[in-house]
Every structure is written in C-alpha cells, then in structure tokens.
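Subject: The structure you asked about

Hi,

Here is the structure, ready for you to open. Have a look first, and then read on for what turned up in it.

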Amino acid sequence: MTEINPKFEIIICSLLIILSVIVIYFSLDIPESDYEPLGSAALPISLSIIMIIFSILIMSNSLIKLRKERGGKFQEINYKPKYLNAVGVFLSTIIFISILENKILHFLPTCIIYLILVCFMIDPKKEKLPWFISFSVILSFISFYVFTKFFYVDLT
C-alpha cells in the first residue's frame, strides 16, 4: 500500500489555499453583468471557497496523521490509491465534455449517465447502485436548473 506523506499533503493544500485566495481577490474586480443575477464573479469565488474548505479538511487529516506519528493517540486512516479508477474518471470526464460540446446528447441524460459511471468507479459495489442512480438524477436536475436559471447557460 502506498502511503502519502502528510507533510506533502499539507504543502499542496497550503498552495491550493493561496491559489484560491488569489482567485477570490482577482474575481472581486470582475465587472457585474446585466444578464446574470449572481454576477460573473459568483462561480470562481464559490469554487475557490469550496477548494479552501476541502483543503482545510485534508490538512486537518494530515495533521492528525503527523500527530500520530509523533506518539499521539489518533487513529490513522489507511487507503489504497486506485490509479485505474482515477484514469477512468478522467477519461469519462473528457468523454462527457465531448458529448456535450458536439451536442450528441442533451445535458440531463449525459450528466446522469456520467455521474452513475463515476460513482461506480469510485465505489464499485452493486448494492449501492440505487443510491448512485438517485444521487445522479437529483444532482443532474439541480445542476441543470442552477445553470439555466441562475447562470443563464444554454445546456440544450
């Protein structure tokens, strides 16, 4: 099993937080749009905030690992990296974008199929398939609604 160095995780997360703060700073200068109710800066700022939150969560897990290495009483979380699954998710994403770009299928069925496939690659247990389908349908419809009604993105 390959173990990721917690110090490396902390460094990468720190760099991501710095990058996110820079994106937020420069997004504040984006002029307001007449066609978008949330403004043009809403998406980069929102994604940067999400990236900061996840980086903090990963950093806290890494700090727990470091403390355990130094004699603390925290339980370490071990996982085995799944490189083929990561490649599969990456290729699925490229195919998903290509299908939408070439207008082969509409957004909703493409997104539902893509999310089910990605969920199944992440956790390939057949008993979780109904949950994956439910999650994919709900997230696809919410995404479609948000992008078409708030961001005015044509997903047809």
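**What was found**

Let's start with Ser136, which is found in helix α5; helices here are DSSP runs of H or I with at least four residues, strands are runs of E with at least two, and both are numbered from the N terminus. Before going further, please note that this is a predicted model, where local features need pLDDT of at least 70 and side-chain atom pairs count only at pLDDT 80 or more, while totals for chains, interfaces and linings use all residues. Residues are numbered from 1 along each chain as its sequence is written, and side-chain values use heavy atoms, with hydrogens and water left out.

Back to Ser136: is it buried or exposed? It counts as buried, because its relative accessibility is 0%; buried means under 20% relative accessible area, exposed over 50%, and partly exposed in between, with a 1.4 Å probe and protein chains only. Leaving aside neighbours within four places in sequence, Ser136 is in contact with Ile112, Leu115 and Ile116, where contact means heavy atoms within 4.5 Å.

**The overall fold**

The protein has five helices and zero strands, so to speak an α-α-α-α-α pattern when read along the sequence. Of its 156 residues, 26% count as buried. If you take contacts between residues at least 6 apart in sequence, 61% of them join residues at least 24 apart.

**The core**

Which residues make up the largest nonpolar core? There are nine: Phe96, Phe107, Leu108, Cys111, Tyr114, Leu115, Val118, Phe144 and Leu155. Helix α4 (residues 107-122) gives the largest share of this core, six residues. By a nonpolar core I mean a set of buried Ala, Val, Leu, Ile, Met, Phe, Trp, Tyr and Cys residues joined through side-chain atoms within 4.5 Å. One of the core residues, Leu108, touches Ser140, Phe141 and Phe144, not counting residues up to four places away in sequence.

**The largest pocket**

About 170 Å³ of space lies in the largest pocket. A pocket here is an open set of points on a 1 Å grid over the protein atoms alone, where a 1.4 Å probe fits, with protein on both sides within 12 Å along at least five of seven lines; lining residues have an atom within 4 Å of a point. The volume is the space filled by probe spheres set on the points, and grid points are joined across faces, edges and corners.

The lining consists of Leu43, Leu47, Ile50, Ile142, Ser143, Val146, Phe147 and Phe151. Seven of these are nonpolar, one is polar and none is charged; Ala, Val, Leu, Ile, Met, Phe, Trp, Tyr, Cys and Pro count as nonpolar, Asp, Glu, Lys and Arg as charged, and the others, Gly among them, as polar. Helix α5 (129-149) and helix α2 (42-69) each supply at least two lining residues, and α5 gives the most, with four. The pocket lies between domain 1 (6-68) and domain 2 (83-150), because both give residues to its lining; the domain bounds come from an automatic or database domain assignment.

**Two more residues**

Ile52 is in helix α2 and counts as buried, at 17% relative accessibility. Not counting residues up to four places away in sequence, it touches Ile17, Ser20, Val21 and Ile24.

Lys103 is in the loop between α3 (83-101) and α4, and it is exposed, with a relative accessible area of 63%. Its phi is near 55°, a positive value in a residue other than glycine.

Cheers
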